Amino acid sequence: MILDTGLGRRILAESDGEPLHDYELHGRDFYEGPVARWSWSVEGGPCDEVAANLESFDLSGRDQESATLTPNLSGDYTVHLDVTTANGTVLECDWVVHVR
């Protein structure tokens, strides 16, 4: 479910994934207009905080319309998407992927 919070910020309430399985991220699910730049990032769970030099996930396509998150561990992963529109407006979207 996508929630529109106004001011260019939309949130996907909750999603589920599985460890070691690809979780596809599609920018067009959130914005359908002309885009100058896509930017995906992910914040991992507590294991990433303990071992700061290791990430508990892989993220490919960080600057593409679609990206792939591959979580290595169970936990909650916060996905962040910045979309820079053709006119330079930056739209943001955050959601949590629960990996069980």
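This is a predicted model: local features need pLDDT of at least 70, side-chain atom pairs count only at pLDDT 80 or more; totals for chains, interfaces and linings use all residues.
A residue counts as buried when its relative accessible area is under 20%, as exposed when that area is over 50%, and as partly exposed in between.

A salt bridge is counted here when a side-chain nitrogen of Lys or Arg lies within 4 Å of a carboxyl oxygen of Asp or Glu. By this rule, the model contains three salt bridges.

One of them joins arginine 28 to glutamate 65, with 3.6 Å between the closest N and O atoms. Arginine 28 belongs to the loop between β4 (23–26) and β5 (35–43), whereas glutamate 65 belongs to the loop between β6 (57–60) and β7 (66–71). The two residues are 37 residues apart, and the pair thus links distant parts of the chain. How accessible is arginine 28? Its relative accessibility is 31%, so arginine 28 counts as partly exposed. Glutamate 65 is likewise partly exposed, because its relative accessible area is 34%.

Another salt bridge connects the side chains of arginine 62 and glutamate 55, at an N to O distance of 3.9 Å. Arginine 62 is partly exposed, with 38% relative accessibility. Glutamate 55 has a relative accessible area of 49% and is therefore also partly exposed; the limit for an exposed residue is over 50%.

The remaining pair consists of arginine 100 and aspartate 76, whose closest N and O atoms are 3.4 Å apart. Aspartate 76, at 34%, is partly exposed.

The discussion now turns to the strands. In general, the strands of a sheet pair through backbone hydrogen bonds, and this pairing is either parallel or antiparallel. In this model, three strands make up an open sheet in the order β4-β7-β6, with antiparallel pairing. Which strands stand at the edges of this sheet? These are β4 and β6; each has a single partner strand, so one side of each is left without a neighbour in the sheet. On average, neighbouring strands of the sheet are turned by 20° against each other, direction ignored.

The pairing of β4 with β7 can be followed at the level of residues. These two strands pair in the antiparallel sense over four bridges. Tyrosine 23, for instance, has leucine 69 in β7 as its bridge partner.

Conventions:
Residues are numbered from 1 along each chain as its sequence is written. Side-chain values use heavy atoms; hydrogens and water are left out. Buried means under 20% relative accessible area, exposed over 50%, partly exposed in between (1.4 Å probe, protein chains only). Two strands pair if DSSP finds at least two bridges between them. Axes are lines fitted to C-alpha atoms, for helices over the stretch in contact, and angles run from 0 to 180 degrees between N-to-C directions.
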